[in-house]
Amino acid sequence: MPDPIYRQIADTLRQQIESGRLQAGAQLPTELEIADTWGTSRSTVRDAIKLLIARSLVEARAGQGTFVTQKITPIVTDLSATHDLGTGGEDARYYIDILRQNRTPRSTVPRVEIRPARGVVATELQLEEGSQVVCRRQQRFVDEQPYSLQRSFYSMELVTARGANRLIQAVDITEGAIQYLRNEHGIEQMGYRDVITVRTPRSAEADFFKLREDGTVAVFENFRTSYDQHGKPIRITVTVYPADRNRFVINVPLAEAESGG
């Protein structure tokens with residue numbers, strides 16, 4: 001039994017896109033033109049277009065038409081247990097990883113807030129509810145395309161008792177916050193724990209990443225708790241990545257893998 005007409009139309013357009021006949025950024029023929037070509041109704045054509053949109057092959061632009069989406073070359077992020085324990089931590093590793101992939105990284109100037117610790121932030125930092133924390137927010141880009149959203153939380157005690165005043169300054173810590181805390185305040189990150197969830201994007205995230213809010217493209221949320229040489233939590237970092245342009249790798253050293261089993 002042949003496929004429904006709308007699927008036949010969608011498959012034909014998909015083949016044209018994948019072959020390069022319809023290149024990234026190209027506008028599809030109008031619904032009326034496609035309907036005339038296939039001898040079908042515009043509602044059938046709309047069903048075909050919806051299928052292509054669901055597969056992220058095309059995008060509809062209000063008042064303009066339907067266009068082939070730009071091909072995305074995914075960014076590979078290393079989440080290995082030892083990867084971010086070297087110089088600079090994940091702050092510096094972001095730039096190093098992106099540059100190694102011959103891409104161009106950029107971060108916005110951090111937005112800094114002093115706010116009460118609530119919920120999981122208070123729990124993970126081992127603080128009482130309502131204790132003050134420093135929150136540093138940044139947007140990250142690769143080749144000027146939105147890559148990730150990051151929020152990092154630090155106990156205010158690092159500023160008041162340890163003198164880590166750069167944490168509350170709305171400037172980029174160029175060497176990375178982890179290296180800054182180690183070099184100037186003797187606080188060394190010795191380990192971390194990641195909790196990764198997958199969910200639909202929130203409205204602000206969809207706007208930033210230019211995603212549809214229907215959940216067609218999910219986001220990864222990486223919740224990382226970092227620990228110092230005494231086993232005390234020093235930072236909570238929450239990073240949101242869109243799933244359509246990010247891949248993750250975790251490398252386990254051979255000796256460690258063999259000892260596990």
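Start with helix 1, residues 5-19, and helix 3, residues 42-54: their axes come within 8 Å and cross at roughly 50°. Helices here are DSSP runs of H or I with at least four residues, strands are E runs of at least two, and both are numbered from the N terminus. An axis is a line fitted to C-alpha atoms, for helices over the stretch in contact, and angles run from 0 to 180 degrees between N-to-C directions.

Before going on, the ground rules: this is a predicted model, in which local features need pLDDT of at least 70 and side-chain atom pairs count only at pLDDT 80 or more, while totals for chains, interfaces and linings use all residues. Residues are numbered from 1 along each chain as its sequence is written, and side-chain values use heavy atoms, with hydrogens and water left out.

Back to the pair. Helix 1 and helix 3 are therefore oblique to each other; under 35 degrees counts as roughly parallel, over 145 as roughly antiparallel, 65 to 115 as roughly perpendicular, and the rest as oblique. The crossing of helix 1 past helix 3 is right-handed, meaning that the near helix is turned clockwise from the far one by less than a right angle, with anticlockwise being left-handed.

Which residues of helix 1 and helix 3 meet? From helix 1 there are Ile 5, Tyr 6, Arg 7, Ile 9, Ala 10, Leu 13 and Arg 14, and from helix 3 Thr 44, Val 45, Asp 47, Ala 48, Ile 49, Leu 51 and Leu 52. Contact means heavy atoms within 4.5 Å. By class, this contact of helix 1 with helix 3 has 10 nonpolar, one polar and three charged residues. Nonpolar covers Ala, Val, Leu, Ile, Met, Phe, Trp, Tyr, Cys and Pro; charged covers Asp, Glu, Lys and Arg; the others, Gly among them, are polar.

Buried is under 20% relative accessible area, exposed is over 50%, and partly exposed is in between, using a 1.4 Å probe and protein chains only. Leaving aside neighbours within four places in sequence, Leu 13 is in contact with Leu 22, Leu 28, Ile 34, Ile 49 and Leu 52.

Next pair. Helix 2 and helix 3 pack with their axes 9 Å apart, at an angle of about 110°. That makes helix 2 roughly perpendicular to helix 3. Glu 31, Leu 32, Ile 34 and Ala 35 of helix 2 make the contact with Arg 42, Val 45 and Arg 46 of helix 3. Those residues divide into four nonpolar, no polar and three charged.

Now some backbone angles. Most residues other than glycine have a negative phi. Gln 126 has a positive phi, near 55°; its place is in the loop between helix 5 (119-124) and strand 6 (132-142). Gln 126 is exposed, with a relative accessible area of 59%. Asp 143 also has a positive phi near 55°, and is found in the loop between strand 6 and strand 7 (145-155). Asp 143 counts as partly exposed at 34% relative accessibility.

Two last residues. Is Glu 205 buried or exposed? Glu 205, in helix 8 (residues 203-209), counts as buried at 8% relative accessibility. Leaving aside neighbours within four places in sequence, Glu 205 is in contact with Leu 149, Arg 199, Val 219 and Val 240. Glu 205 and Leu 149 are 56 residues apart in sequence and 8.1 Å apart in space, C-alpha to C-alpha.

Phe 248 sits in strand 11 (residues 246-249) and is partly exposed, at 28% relative accessible area. Not counting residues up to four places away in sequence, Phe 248 touches Thr 77, Leu 79, Phe 220 and Tyr 241.
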